[in-house]
Amino acid sequence: MTKALPSVSRPATPGFATFEEPRHSLLIAGDGEPDFGAIQTSEDFRALKRRVTRFILPATLLFLAWYVAFVLLSAYAAGFMSTPLFGTVNVGLTMGFLQFVTTIIITMAYARYSKRKLDPQVEKVRALAETDEELA
């Protein structure tokens, strides 16, 4: 004769009676809070920092060079900057206006880059700090 065992329904959590590893066990501190030091040293976070730097550094340097050129030309090449292009519009006014255009273009390019390259990586980093309860 066999006896029926009572059925105990336990949710299968990662690491309990499964072959799955517990999620991010090294990136959650003992008190259940994210271990920010471990997250900062993770490969996902370092990849995010590299992707941010890959856009920000060249864009900043190019814009600063363009801005400094505008300021230096305004200060030391007044004759060139006052050259009329059409009507009362001269080179200085055109270059000043193009500063605003450049800012808008860089902003739009960063928004596009962020959506395509940074946001997916941010989700990976954010997942490192989520506990199993937050995922449910």
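How does E43 count at 45% relative accessibility: buried, partly exposed or exposed? E43 counts as partly exposed. Buried means under 20% relative accessible area, exposed over 50%, and partly exposed in between (1.4 Å probe, protein chains only).

## The model

This is a predicted model, in which local features need pLDDT of at least 70 and side-chain atom pairs count only at pLDDT 80 or more, while totals for chains, interfaces and linings use all residues. Residues are numbered from 1 along each chain as its sequence is written, and side-chain values use heavy atoms, with hydrogens and water left out.

## Overall layout

The protein chain has five helices and two strands. Helices (H or I, at least four residues) and strands (E, at least two) are DSSP runs, numbered from the N terminus. Their order from the N terminus is α-α-α-β-β-α-α. The chain has 136 residues, and 18% of them count as buried.

## Helix 2 against helix 4

Helix 2 spans residues 43-76 and helix 4 spans residues 91-128. Their axes come within 9 Å and cross at roughly 175°. Axes are lines fitted to C-alpha atoms, for helices over the stretch in contact, and angles run from 0 to 180 degrees between N-to-C directions. The two helices are therefore roughly antiparallel; that label applies to angles over 145 degrees. Their contact holds 22 nonpolar, six polar and five charged residues. Nonpolar means Ala, Val, Leu, Ile, Met, Phe, Trp, Tyr, Cys and Pro; charged means Asp, Glu, Lys and Arg; the others, Gly among them, are polar.

V125 lies in helix 4. V125 counts as buried, at 10% relative accessibility. Its C-alpha atom is 5.8 Å from that of F45, although V125 and F45 are 80 residues apart along the chain.

## Salt bridges

A salt bridge is a side-chain nitrogen of Lys or Arg within 4 Å of a carboxyl oxygen of Asp or Glu. The count here is three. E43 pairs with R46, the closest N and O atoms being 3.4 Å apart. Both residues lie in helix 2, three residues apart, about one turn of the helix. E43 also pairs with R50, at 3.0 Å. R46 is partly exposed at 38% relative accessibility, and R50 is partly exposed at 41%.

R126 forms a salt bridge with E123, at 2.9 Å. R126 and E123 sit in helix 4, three residues apart, about one turn of the helix. By contrast with this pair, shared partners join E43, R46 and R50 into one network.

Notes: Angles under 35 degrees count as roughly parallel, over 145 as roughly antiparallel, 65 to 115 as roughly perpendicular and the rest as oblique.
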